[in-house]
Number of protein chains: 2
Amino acid sequence: MSSGRSLAPIGVFDSGVGGLTVLRALREALPAEHFIYLGDTARLPYGTKSAESVVRYSLQCAEALMLRGIRGLVVACNTASAAALGALRERHPTLPIIGVIEPGAAAAVAASQAQHIAVIGTEGTIAGGAYQQAIHRLNPQARVEARACSLFVAMAEEGWVDGPLVEAVAHRYLDSLFGAENGGAARLDRAYPDTLVLGCTHFPVLCAAIRAALPVHVGIVDSAYSVAAAVAREFAGSGQAGPGGVRWLATDGAARFARVSSTFLGATVHADDIEIIDL
Amino acid sequence: MSSGRSLAPIGVFDSGVGGLTVLRALREALPAEHFIYLGDTARLPYGTKSAESVVRYSLQCAEALMLRGIRGLVVACNTASAAALGALRERHPTLPIIGVIEPGAAAAVAASQAQHIAVIGTEGTIAGGAYQQAIHRLNPQARVEARACSLFVAMAEEGWVDGPLVEAVAHRYLDSLFGAENGGAARLDRAYPDTLVLGCTHFPVLCAAIRAALPVHVGIVDSAYSVAAAVAREFAGSGQAGPGGVRWLATDGAARFARVSSTFLGATVHADDIEIIDL
């Protein structure tokens, strides 16, 4: 039993393809690891669904991955992490389960000099307040501004990831957060945040355009890398012998999943390699 | 039994709020009529789902409306009309069922001088080819160009319905369809369509911005009004005594439904008036 090859893989699920940015960071951090990725594409997006629905869907995703044998679970979806992490840990008390909110919040608190942090995400994530709460657990004095940026998801899925149009949308969402309304220069003072958390797994692919719309002194926290670091710590010492790989599951639309995946994963998934399952 | 009041209402369903543009046109055409509107908000959007899933969801929506008593059904969703109209008519052979594709296609064929028509919609509607086929059934010689405009849905739901940013997105989607790439003037010749069908129920709220991005000679067909006219013809003579009204059903998120509804309906639906049902 000395070979790492016998270890069960790490399960990763998301409502669709956004979680592939997290998987990409996981693969970079743990290149010898085996993963099973489940995209619940039949019911995407989770971001506009009620918390009750998201909890139910998340428990079903975890169940499907448990049935296939996993030794850890990454909830690679901000909406599901916000709504369902507690329910998942209660249902599977011995399984290490890592969401994207807590590592992202910790990275933001570590990065912000003024402890004034902006968070952007889907409607569901922002309205649920999970990032705000996670940041306040780490520093009750931190100031947090939050804004839903729904159009970023659609642009990322369309493959519109840079250029003037994407930057214009970024300005529309972000200027007032950073004191740069009406085309004015962004204000560098404590009235505005110095750190921006990308609180949706779709957003890292728009990072360059978001960067271009931000004041230069504002730092960006990409949860995907914070999550990968947390997963690497959790599974340190249980490393696989490599080379690693990914088994692909989705609940609908293998062709679309394959087509859109390259934007998020930085590599192409072939439709034939995706197993469609019913939840 | 002479009072129209005793007639069952007309059922209308959509994946969410887009169908409210159809309901708005129906209410204008049949002000004395009673409607039940069902928004399947727990599973929106249908546009990115597989045809099999959309058929299953549509049959469930129709079933829920039948249980509440309806004398006709309007499928106020292009994706569901494209994928599920046949299955719905097979399951409910005596119920008058009207989708949005056929009336829209008929209006386009009636409007296009050169019989050269452009159709825009969601990925699912365009990939399924239902508008293209419906137009060709009416005129096999017609030329049809089709393009998915996914971002329009997100913009409409965000309430971003006009202004330079929306027009820039419209240009990005439409310029090459109408020979106006690279900022050049749109070409008025038979190589390009003279009629544009808004093949998604979300798009009418963006009509002014879409208009601004189009060559002036191009006509716009809004399926919502074509559908309302078809429904008025179908139910001529069975008119209610009025005043009409709407009973609201949704599968998730009454608060969001209420908030977004005003953009699409032109009137506010109160969250307390929306009954949440399970399908």
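This is a predicted model: local features need pLDDT of at least 70, side-chain atom pairs count only at pLDDT 80 or more; totals for chains, interfaces and linings use all residues.
View 1. A pocket is an open set of points on a 1 Å grid over the protein atoms alone, with protein on both sides within 12 Å along at least five of seven lines; lining residues have an atom within 4 Å of a point. Ala51(B), Ala82(B), Ala83(B), Gly124(B) and Gly128(B) lie nearest the centre of the second largest pocket.

**View 2. The largest pocket is lined by 30 residues.** Among those closest to its centre are Arg43(A) and Arg43(B). By class, its lining has 10 nonpolar, 8 polar and 12 charged residues.

**View 3. The largest cavity is lined by 50 residues.** A cavity is a set of grid points where a 1.4 Å probe fits but cannot get out. Pro45(A) and Pro45(B) are among the residues nearest the centre of this cavity. Its lining divides into 15 nonpolar, 25 polar and 10 charged residues.

**View 4. Is Gly179(B) buried or exposed?** Gly179(B) counts as buried because its relative accessibility is 8% (buried means under 20% relative accessible area, exposed over 50%, partly exposed in between, with a 1.4 Å probe and protein chains only). Gly179(B) and Gly86(B) are 93 residues apart in sequence and 36 Å apart in space, C-alpha to C-alpha.

**Reading the labels.** Residues are numbered from 1 along each chain as its sequence is written, and chains are lettered from A in the order in which they are written. Local features need pLDDT of at least 70, while totals for linings use all residues.

Technical notes. Side-chain values use heavy atoms; hydrogens and water are left out. Ala, Val, Leu, Ile, Met, Phe, Trp, Tyr, Cys and Pro count as nonpolar, Asp, Glu, Lys and Arg as charged, and the others, Gly among them, as polar.
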